[in-house]
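Good morning, and thank you for making time for this.

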Amino acid sequence: MTLKAYLEWEAQSPERHELVEGVPYAMAGASKAHNLLVQNLAFLLRAPARAKGCRLYTEMVKLKVSQSTLYYPDLMVVCGPFSPHPPYEEAPCLVAEVVSPGTERLDRGERRLAYLGLPSLKAYLLVSASEPRVEVYRKSGMGVAHEIYTEGQALLPCVDAPLDLHALYEDVELERA
C-alpha cells in the first residue's frame with residue numbers, strides 16, 4: 001500500500017493500523033498498566049517539554065520513519081516547527097514505547113532500529129509494564145549508549161529533565177509475564 005493510499009484509508013477506518021513496509025497491521029488494545037504508564041510518562045514530561053518549546057504526543061499520532069512505514073508510538077516529543085503533514089510527525093527528539101511480553105520483540109527490534117535511524121532522535125525509551133525498569137537508548141556522536149534504570153532517576157536528553165521512576169510507576173499494577 002502506498003503512503004497516500006494508507007493515509008486515506010486510515011482516516012476512514014474505525015480501528016488504528018500501522019503501516020510497516022507498505023503492509024497495514026491492526027493495532028491491539030492496551031492493558032491498564034500500559035495505559036497508566038503512558039499517562040504517567042506524559043504527565044512527567046509535559047512541563048519539561050513545554051519549557052523547551054516542544055510538543056508531546058501520545059498513542060494517537062503517527063510517526064513516519066520511512067516512505068512505507070508509519071508507527072503509532074506510545075509517546076513522542078517533537079521540537080521545532082510544526083510538521084507540514086497534519087496526519088503524522090517525522091522528526092521527534094524522543095520516542096517511548098511501553099513494553100509488554102506481546103510487544104517486546106517488535107519494540108526491541110524493528111521499532112528500535114527504525115526510531116534510532118531518525119536523524120532528529122536523541123533517545124528511545126523502553127518502559128517495562130512488568131517490572132519497574134526503563135531502558136534508554138541515547139544517541140551521541142560515538143553511536144548509541146544503552147542505559148538501564150530500575151530505581152532513582154533516568155536523565156533524558158531532548159527535554160533535559162530527570163525521569164523519576166517512582167513517580168512513573170505510581171499506582172500502576174504491573175503485568176505478570
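Let me begin with Glu 89, which touches Arg 55, Tyr 57, Val 61, Lys 62, Leu 63, Lys 64, Met 76, Val 78 and Ser 83, leaving aside residues up to four places away in sequence, where contact means heavy atoms within 4.5 Å. This is a predicted model, in which local features need pLDDT of at least 70 and side-chain atom pairs count only at pLDDT 80 or more, while totals for chains, interfaces and linings use all residues. Residues are numbered from 1 along each chain as its sequence is written, and side-chain values use heavy atoms, with hydrogens and water left out.

Is Glu 89 buried or exposed? Glu 89 counts as buried because its relative accessibility is 5%, and buried means under 20% relative accessible area, with a 1.4 Å probe and protein chains only. Its side chain also makes a polar contact, at 3.0 Å, with the side chain of Tyr 57.

Arg 55, one of the residues that Glu 89 touches, lies over the face of Phe 82, at 3.9 Å from the ring centre.

Turning to the rings themselves, the structure holds three aromatic pairs. One of them joins Tyr 115 and Tyr 124, edge-to-face, with 5.2 Å centre to centre and 65° between the planes; rings of Phe, Tyr and Trp (its six-membered ring) pair if their centres lie within 6.5 Å, and planes under 30 degrees apart count as stacked, over 60 as edge-to-face and the rest as tilted. Tyr 115 and Tyr 124 are both buried, and ring pairs link Tyr 71, Tyr 115, Tyr 124 and Tyr 137 into a cluster.

Terms used
Buried < 20%, exposed > 50% of the residue type's maximum accessible area, 1.4 Å probe, protein only. Lys NZ or Arg CZ within 6 Å of the ring centre and 35° of its normal. Polar contact = N/O pair within 3.5 Å; in protein donor to acceptor, adjacent residues only side chain to side chain.
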